[in-house]
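Biologist: Could you walk me through how two chains sit against each other? I'm new to this one.

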Number of protein chains: 2
Amino acid sequence: MREVHRIAIAGFGNVGQALAHMVAAGHPAASGIVIVGVSDPRYGTVASTEGLDAAWLLASAGDSDFGQHGAHMPEAGVLEMIEATDADTLVELTITDLETGEPAATHLRHAMSVGWNVSTTNKGPIALYYGELLELAHRNRVSLAFEGTVMSGTPVVSLARHIRSARCQALFGILNGTTNYILSQVELGVSHEEALARAQAHGFAEADPSADVDGHDAAAKLVILAEIAAGADLPIASVERVPLSSVSTDEVLAAIGDGERVRYLASLDQRQDQWHASVSPRRLPDSDPLARVVDAGNGVTFRTELLGDVTLFGPGAGPSETAFAVLSDLEGIQRASV
Amino acid sequence: MREVHRIAIAGFGNVGQALAHMVAAGHPAASGIVIVGVSDPRYGTVASTEGLDAAWLLASAGDSDFGQHGAHMPEAGVLEMIEATDADTLVELTITDLETGEPAATHLRHAMSVGWNVSTTNKGPIALYYGELLELAHRNRVSLAFEGTVMSGTPVVSLARHIRSARCQALFGILNGTTNYILSQVELGVSHEEALARAQAHGFAEADPSADVDGHDAAAKLVILAEIAAGADLPIASVERVPLSSVSTDEVLAAIGDGERVRYLASLDQRQDQWHASVSPRRLPDSDPLARVVDAGNGVTFRTELLGDVTLFGPGAGPSETAFAVLSDLEGIQRASV
């Protein structure tokens with residue numbers, strides 16, 4: 001039933017490899033997908049309109065690089081890969097830069113300009129350049145899909161699109177798994193430092209966790225949801241950020257005694273007809289659904305005129321969860337192009 | 001930006017009137033919608049390819065009937081309305097019959113056979129005849145949309161479609177607002193009978209509440225979600241139903257003492273490779289997100305292979321909430337037909 005979907009992958013880290021694993025294993029959710037190019041600074045660039053063997057790509061990335069492949073392109077990067085092959089969709093999975101959106105923004109622009117659809121899990125270009133990229137997609141009659149930029153594969157971007165016509169007036173989210181995990185540990189009596197070390201040991205906090213604990217990551221996700229759910233066009237820099245460290249262990253534990261919970265809350269609301277966005281540690285009553293999000297979970301409440309509150313919980317990270325977001329994007333692209 | 005969407009309405013009760021109110025008020029979510037026919041046994045049938053005045057329809061339904069309209073069709077019903085006008089979409093809002101699915105099923109079949117899209121909030125035909133109706137939609141190249149059949153305007157049907165490729169292995173839902181309201185009241189010390197009377201006074205329990213308290217309503221909704229999220233084709237009669245009255249006030253209160261909550265749970269899981277579906281009062285640990293659904297709220301957890309648990313909370317009933325479901329359907333239909 002499912003048609004062939006030819007993809008080229010920019011960035012072959014955990015998510016790209018999880019995707020390749022599903023293709024190699026013949027997972028039903030990945031059926032019809034053919035990988036026609038992969039480019040990653042660590043492994044090199046291969047491109048073949050015939051399709052590449054997903055198991056070979058994984059083995060080569062595990063061993064060394066793509067140098068042994070006949071279709072290996074020495075010195076080439078993502079742009080050369082795009083020129084060298086022919087895909088339906090560029091899957092953009094490079095590392096996020098919230099200052100410039102690069103190199104992802106350049107990859108997305110180039111792919112759309114040659115008529116490819118794009119699916120990205122990279123928050124940078126979407127949080128920084130959504131309007132421009134959407135216009136480019138319209139002009140080239142291609143799809144711009146980015147379900148994986150927020151809450152990994154939990155379909156919150158899709159939900160945000162549905163919510164928009166219910167008139168979103170505010171939204172509240174736990175959008176960063178690392179900081180929620182730290183707070184959950186602190187609630188159990190673990191010190192802030194030890195909790196961060198555990199998050200790093202689990203692999204969901206970076207060696208430099210500042211994007212998480214200073215709110216940059218959540219701010220970028222909030223900007224994306226604000227745009228899709230509420231049509232609010234906010235620069236990332238306009239999001240007020242209060243670091244997680246501003247709340248002490250004593251304050252976290254005291255909240256529990258008062259029937260409340262401290263959560264690192266991303267919030268959007270309106271004040272005198274202006275949107276106001278912030279990321280900060282906040283007390284929530286125990287009855288608030290978001291107070292129940294524990295460990296590395298994520299959750300968002302959309303407050304709307306027509307539906308009241310609608311809340312979604314789900315995973316916020318993980319290689320296969322994020323790979324599923326890409327598969328959702330590809331499915332949506334395929335539906336749109338029938 | 002939005003194109004004109006011509007709709008004919010079968011059943012002009014609370015939901016149809018809420019929809020007409022939004023059209024009459026020029027609500028942005030209803031922009032572009034033109035009502036070209038309305039049929040209801042209480043008010044009669046009017047049809048006009050020119051479009052009908054929504055405010056006039058509401059006033060006439062409030063006062064008496066549609067007899068004063070030049071386009072009034074004495075003796076006519078929904079089928080005659082379909083013949084007499086030309087709509088993009090039939091909006092089917094007649095009263096649910098879970099035994100036969102009628103008269104809605106006949107209305108939907110007829111509308112699709114003449115090339116109209118359909119949007120319905122009526123659980124009966126979808127729970128009973130989904131496969132047949134979907135095939136009819138494909139054959140006639142029209143859309144079959146039914147977001148409002150479960151959780152009113154909370155986009156759970158749309159979420160269920162996204163979840164399907166994540167491989168739904170089980171689902172758990174609080175799908176009936178009346179019974180959850182009764183349980184919430186009982187938790188506060190109100191008797192079961194008094195709680196039911198209050199639900200009736202609030203207008204969300206029917207005079208004959210058996211569809212709610214015996215689990216028929218939740219069973220039909222469960223069958224719909226099971227089909228969309230998991231591809232499980234279950235007859236309504238196969239859903240094991242245990243009435244709400246099987247749990248006593250003492251048991252509800254005892255659960256709270258044990259850090260648990262009794263909820264009237266619709267559940268789908270697999271047992272020896274067979275789907276098993278039930279609606280019954282069940283104890284949930286307080287940490288379960290569904291334990292936190294109170295009053296007339298609804299919630300569903302989809303348990304999936306690729307994403308783990310994904311949970312959605314939102315309103316389960318209400319005229320304007322359900323009217324919003326229709327607007328979501330119409331938006332989806334419009335996107336599909338571009």
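Modeller: Here are some questions and answers about the interface. It's a predicted model, where local features need pLDDT of at least 70, side-chain atom pairs count only at pLDDT 80 or more, and totals for chains, interfaces and linings use all residues. Residues are numbered from 1 along each chain as its sequence is written, chains are lettered from A in the order in which they are written, and side-chain values use heavy atoms, with hydrogens and water left out.

Biologist: What area is buried between chain A and chain B?

Modeller: Buried area is the accessible area (1.4 Å probe) that two parts lose on being put together, summed over both. Carbon and sulfur atoms give 65% of it here, and the total is about 2,700 Å².

Biologist: Which residues in chain A lose the most area to chain B?

Modeller: Three of them together make up 22% of what that side buries. They're A:Leu306, A:Leu307 and A:Phe324.

Biologist: Which element gives the largest share of the side of chain A that touches chain B?

Modeller: Helices (H or I, at least four residues) and strands (E, at least two) are DSSP runs, numbered from the N terminus. Helix 6 (156-164), strand 12 (308-315) and helix 12 (319-336) of chain A each give two or more residues. The largest share, seven residues, comes from strand 12 of chain A.
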